[in-house]
Amino acid sequence: MDLISNLGLGLSAALTPYNIVFCFVGTLLGTLVGVLPGIGPTATIAMLLPITLSLSPETSLIMLAGIYYGAQYGGSTTAILINLPGESSSAVTALDGYQMARQGRAGPALAAAALSSFFAGTIATVVVAALAPPLTSIALKFGSPEYFGLMVLGLAASIVLARGSVLKTIAMVSMGLVFGLVGTDINTGAMRFTIGLPELADGLNFVAVAVGLFGIAEILRNLEITIERTAVVKRVAGLWPSRADLRAMIGPAFRGTLLGSALGVLPGGGAILASFASYALEKKISKTPERFGNGAIEGVAGPEAANNAGAQTSFIPMLTLGVPANPVMALMIGAMIIQGIVPGPQVATEQPVLFWGLIASMWIGNLLLVILNLPLIGLWVKLLTVPYTVLFPAILAFASIGVYSVNSNTFDLYVMAAFGIFGYALSKLDFEPAPMLLGFVLGPLLEEHLRRAMTISHGDITVFVTRPISAGLLAVAFIVLVVAFLPNIARRRNQVFVEED
């Protein structure tokens with residue numbers, strides 16, 4: 001009964017005209033950035049963070065969440081029509097979706113993506129609603145040692161699940177932790193890592209760092225791309241799948257939803273892993289595996305269900321524990337902090353309207369995606385012809401205005417530019433910037449709980465291993481890191497992400 005009453009509270013908040021409008025705006029923007037390769041939800045959310053200052057906390061999070069799972073859907077459109085995934089989690093969709101489009105079956109492929117995503121989103125919303133309260137209750141019993149262990153485990157998992165070299169990922173996380181400590185020590189008042197600049201006394205501006213690292217760096221990367229984006233079809237007809245298509249979709253969509261719901265909560269790239277795992281599973285159990293890569297609708301339905309479910313269950317650790325599962329969730333936590341809300345399990349008890357309103361809006365957003373996007377396929381096809389050289393000046397101007405508006409401080413623009421160049425250099429050196437952002441967000445929280453635990457225990461470091469939960473979390477984190485260095489695991493990590501390169 002508590003779950004039903006809580007969902008009723010969430011629906012009453014999410015169904016207000018004001019929140020529906022911003023949910024609509026979020027899903028529309030999300031689809032747009034998914035359709036236009038080279039922008040992405042992380043950069044878009046980072047650039048829109050300043051706007052959230054003028055909105056209520058629940059409205060801003062509902063809009064930002066809509067952008068995230070809207071981009072998951074929009075990415076499949078470009079994957080199917082031009083063989084260029086708008087989102088990395090849609091890379092697998094391109095394998096069979098593009099072949100279906102070449103065979104004149106773009107309509108059923110797009111419908112399979114939309115219907116599978118809606119089914120997965122509905123189930124994942126129920127999963128989030130069911131798991132959030134018990135996890136929150138458990139988390140409320142955590143002390144500082146347990147939170148320290150949990151954050152160490154989260155960072156360790158993000159290292160294992162990030163693509164590329166484990167050592168490079170560790171370096172990125174460590175660098176993020178250092179950047180997170182820039183500013184004034186709240187205990188002693190000493191200035192740390194400020195290189196003599198008084199503008200850094202309050203630390204690096206989160207919005208400036210995020211926009212530079214993802215928005216500006218993404219612009220620089222995409223200016224190098226000279227690939228002409230040409231849609232296979234100029235007009236999409238016959239959207240509704242046949243009965244045979246529907247029968248073929250049901251199993252993969254269900255299995256993809258289960259995989260995505262489970263893997264989405266993992267720090268790193270849960271939605272990406274889920275889509276690849278779903279495709280591999282469907283190909284393995286198929287009686288005709290040779291069809292995969294040649295236009296099998298199962299190869300569209302399964303991964304699309306998996307990445308959408310993974311995108312939504314990634315909200316679970318963010319909402320219940322205050323720990324981001326991916327860079328987008330780190331930005332969501334940043335939006336909460338900007339609004340004066342301390343992320344963590346207390347959000348459910350202190351901000352129930354925000355907590356349950358956000359969960360309820362997920363289903364509304366998924367419904368809006370189906371209602372909006374299938375009729376707008378023609379518009380998305382036309383947008384694919386817009387040259388990136390026309391888009392990037394507008395994106396750059398919007399990003400600069402947004403960053404400046406947060407504190408009306410020109411120094412933040414220099415920070416944005418510096419991190420933009422830094423992010424671009426990282427991509428050239430094959431470093432993944434996402435773990436650095438996770439370290440940047442978790443660094444201050446990690447330090448706070450470490451120092452608080454040491455203060456409570458009077459400097460006794462064994463407090464982390466004498467308490468069962470914190471000891472267990474640290475032990476799992478250690479095992480995860482050791483496993484990541486095993487040669488077989490390293491090879492498998494590279495195989496999982498090979499399609500993204």
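**Exercise 1.** In this predicted model, find which side chain meets E146 in a salt bridge, and state what the pair ties together.

*Solution.* 
Step 1. The partner is R467, with N to O at 2.9 Å, inside the 4 Å cut-off for a salt bridge.
Step 2. E146 belongs to helix α7 (residues 144-161), whereas R467 sits in the loop between α21 (463-466) and α22 (468-484), so the contact ties together parts that are 321 residues apart in sequence.
Step 3. Buried means under 20% relative accessible area; E146, at 5%, is therefore buried. R467, at 33%, is partly exposed.

**Exercise 2.** Determine where R192 and E447 lie and whether they are buried or exposed.

*Solution.* 
Step 1. The closest N and O atoms of R192 and E447 are 2.6 Å apart, and the two form a salt bridge.
Step 2. R192 is in strand β2 (residues 191-192) and E447 in helix α20 (residues 434-456), so this pair ties together parts 255 residues apart in sequence.
Step 3. Both R192 and E447 are buried.

**Exercise 3.** Identify the residues of the nonpolar surface patch and the elements that give two or more of them.

*Solution.* 
Step 1. F119, I123, F254 and L258 make a patch of about 360 Å².
Step 2. The elements are α6 (106-139) and α10 (243-263).
Step 3. F119 is in helix α6 and, at 33% relative accessibility, is partly exposed.

Notes. Residues are numbered from 1 along each chain as its sequence is written. This is a predicted model: local features need pLDDT of at least 70, side-chain atom pairs count only at pLDDT 80 or more; totals for chains, interfaces and linings use all residues. Side-chain values use heavy atoms; hydrogens and water are left out. Patches are made of residues with over 30% relative accessible area and no salt bridge: like charges are joined within 9 Å, nonpolar side chains (Val, Leu, Ile, Met, Phe, Trp, Tyr) within 5 Å. Accessible areas come from the Shrake-Rupley method with a 1.4 Å probe; for residues, only the protein chains shown count as cover. Helices (H or I, at least four residues) and strands (E, at least two) are DSSP runs, numbered from the N terminus. Buried means under 20% relative accessible area, exposed over 50%, partly exposed in between (1.4 Å probe, protein chains only).
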